[in-house]
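Let's take a walk through this one together. Have the model open beside you as you read.

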Amino acid sequence: MALDIRTNSLEEHWMPFTDNRGFKADPRMVTRAQGLYLTNHRGGQVIDGSSGLFCAPAGHCHPKIVEAVHETMKDLTYVSPFGSGHPLSFALAERLSRLLPEPFNHVFFVNSGSEAVDTALKMVMAYHAARGHDRLRFVSRERSYHGVNIGGVSLSGMVNNRRRFPVTMPDVVHMRHTWTGTELFARGQPQNGVELAEDLQRAVDTYGAESIAACFVEPVAGSTGTLVPPVGYLERLREICDVNGILLVFDEVITGFGRVGGSFASDAFGVTPDIITMAKALTNASIPMGAVAVRDEIYQTITDTAAPGAIEFFHGYTYSGHPAACAAGLAALEIYETEGLFARAAQMSSYFLDQLWTLADHPMVRDIRGIGMMGGVELHAGPEGPGKRGQAAQTAMFHNGLHVKFTGDAGIVAPMFIAEHAHIDEIVEKFRRTLDGLDA
Ligand SMILES: Cc1ncc(COP(=O)(O)O)c(C=O)c1O
């Protein structure tokens with residue numbers, strides 16, 4: 001790697017979502033990543049317990065993806081997506097629609113989860129406008145994360161991501177989050193809490209159904225520590241949306257591609273939304289890419305109501321459907337299928353959750369939640385206040401040879417689908433050992 005950290009001050013790169021001053025005083029660099037392991041700049045091995053940021057289930061630097069991107073880029077490094085195209089984006093959209101529930105046969109490509117969310121917001125607006133409806137209010141949820149663009153921040157329910165940025169979209173109503181605190185260490189879906197879906201009904205009763213455009217939820221709230229929906233909750237949201245003409249959007253940026261069982265959370269929970277956003281594992285994290293899939297009726301309504309010859313949807317990005325990203329996406333989906341990785345994840349889930357739950361006796365652990373190959377281990381806040389212990393834990397884990405992403409005091413453990421039992425044991429053992437070494 002072309003960086004000598006003895007001579008580079010590290011000051012010039014302003015790092016995202018990072019304690020820049022802390023990092024630059026104590027750098028945690030990765031110079032190589034293969035399969036489940038990262039190599040740090042001192043040559044040490046770090047097991048990846050969060051699949052990067054829940055995005056690389058097939059392992060880092062999968063040779064088939066590297067090769068597919070390399071081969072593609074010999075012929076194409078760019079095609080303007082506005083008014084021209086290349087075969088790979090059509091192939092990927094077709095392949096995705098086969099993986100998605102019926103009737104999701106239309107896919108719009110973007111470059112990240114944040115762009116997917118903002119694109120979905122515009123699709124919702126365009127759909128209602130095409131039908132002559134004046135629905136402009138959105139419902140989302142506390143403790144949700146929908147990326148960092150202005151639309152997504154407006155929907156999100158994480159205070160630090162909002163408080164310095166007061167210019168958000170108007171008319172967003174937040175339902176309560178689904179972590180009630182009454183069922184600690186509940187594995188899978190909590191039995192209690194279905195009534196929290198009535199917050200959507202309250203929004204209908206308060207503002208009028210005719211003003212509400214869509215309800216955005218992560219089927220499992222990922223970034224705030226794996227908040228699994230209570231039994232019946234998503235079904236009830238679907239019912240309320242149906243009765244009131246509200247579109248239901250599942251933000252599946254984390255839950256898509258086998259993370260919580262099924263291909264998408266929609267399959268795992270048996271609830272089909274109207275729009276699905278995705279990113280992350282779409283390319284096994286190898287090239288930035290996101291996508292929005294919609295029910296046919298949404299595509300058809302927006303397209304058919306435009307004047308003949310007109311552009312139907314005034315939206316898109318310079319790099320929408322970039323050839324390298326499409327090649328990576330096609331290769332990733334091929335790997336998921338031929339290596340049976342979603343089935344492997346579903347089968348490995350109970351061992352993973354069993355091992356994760358062994359941490360329940362640790363005095364620093366306040367709660368554990370989990371479903372599929374995704375678990376949140378929430379620590380009691382330390383004496384320095386909320387979030388500080390989580391931050392210290394993430395740093396200490398890296399030095400102890402484990403990468404786990406913390407948000408606040410919750411560590412989000414999301415092993416790769418290629419993990420063997422021994423890898424899961426190693427993740428849990430290093431997690432516990434790090435907690436043992438933290439200040440009480
Ligand atoms: C549910 C959800 N939506 C959107 C995003 C934003 O994705 P990105 O960081 O690719 O913009 C994330 C990222 O973690 C996410 O978890």
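What follows goes from the domains to the helix pairs and then to the ligand.

A word on ground rules: this is a predicted model, so local features need pLDDT of at least 70 and side-chain atom pairs count only at pLDDT 80 or more, while totals for chains, interfaces and linings use all residues. Residues are numbered from 1 along each chain as its sequence is written.

The domain assignment, which is automatic or taken from a database, gives domain 1 as 20-58 + 340-437 and domain 2 as 65-338. Their C-alpha centres sit 26 Å apart. Where the two touch, domain 1 puts in 29 residues and domain 2 puts in 28; a contact here means that two C-beta atoms, placed from the backbone, lie within 7 Å.

Now look at domain 1's side of that contact. The elements giving two or more residues are helices H2 (51-54) and H13 (341-357), plus strands S11 (365-371), S12 (374-379) and S15 (410-413). These labels are DSSP runs numbered from the N terminus, with helices being H or I of at least four residues and strands being E of at least two. H13 gives the most, with six residues. By class, this side of domain 1 has 20 nonpolar, six polar and three charged residues. For that count, Ala, Val, Leu, Ile, Met, Phe, Trp, Tyr, Cys and Pro are nonpolar, Asp, Glu, Lys and Arg are charged, and the others, Gly among them, are polar.

On to the helix pairs. The axes of H3 (residues 63-75) and H12 (residues 323-338) come within 8 Å and cross at roughly 150°. Axes are lines fitted to C-alpha atoms, for helices over the stretch in contact, and angles run from 0 to 180 degrees between N-to-C directions. That crossing angle makes H3 roughly antiparallel to H12. The cut-offs are under 35 degrees for roughly parallel, over 145 for roughly antiparallel, 65 to 115 for roughly perpendicular, and oblique for the rest. H3 brings Lys64, Ile65, Ala68, Val69, Thr72 and Met73 to the contact, and H12 answers with residues including Pro323, Ala324, Leu330 and Ile335. The tally for this contact is twelve nonpolar, one polar and one charged.

Next, find H14 (residues 388-399) and H15 (residues 421-437), which pack at about 120° with axes 9 Å apart. That makes H14 oblique to H15, and the crossing is right-handed. Ala393, Ala396 and Met397 of H14 meet Lys430, Phe431, Thr434, Leu435 and Gly437 of H15.

The last pair is H8 (residues 198-207) with H9 (residues 233-244), at an angle of about 25° and with axes 8 Å apart. H8 is therefore roughly parallel to H9. Leu200, Gln201 and Val204 of H8 face Leu237, Ile240 and Asn244 of H9, a set of four nonpolar, two polar and no charged residues.

So which residues come nearest to the ligand? Out of 14 around it, they are Ser112, Gly113, Ser114, Gly147 and Val253, with "around" meaning a C-beta atom, placed from the backbone, within 6 Å. Helix H5 (residues 113-130) gives the most to this shell, with three residues. The shell has five nonpolar, seven polar and two charged residues.

Terms used: A crossing is left-handed if the near helix is turned anticlockwise from the far one by less than a right angle, and right-handed if clockwise.
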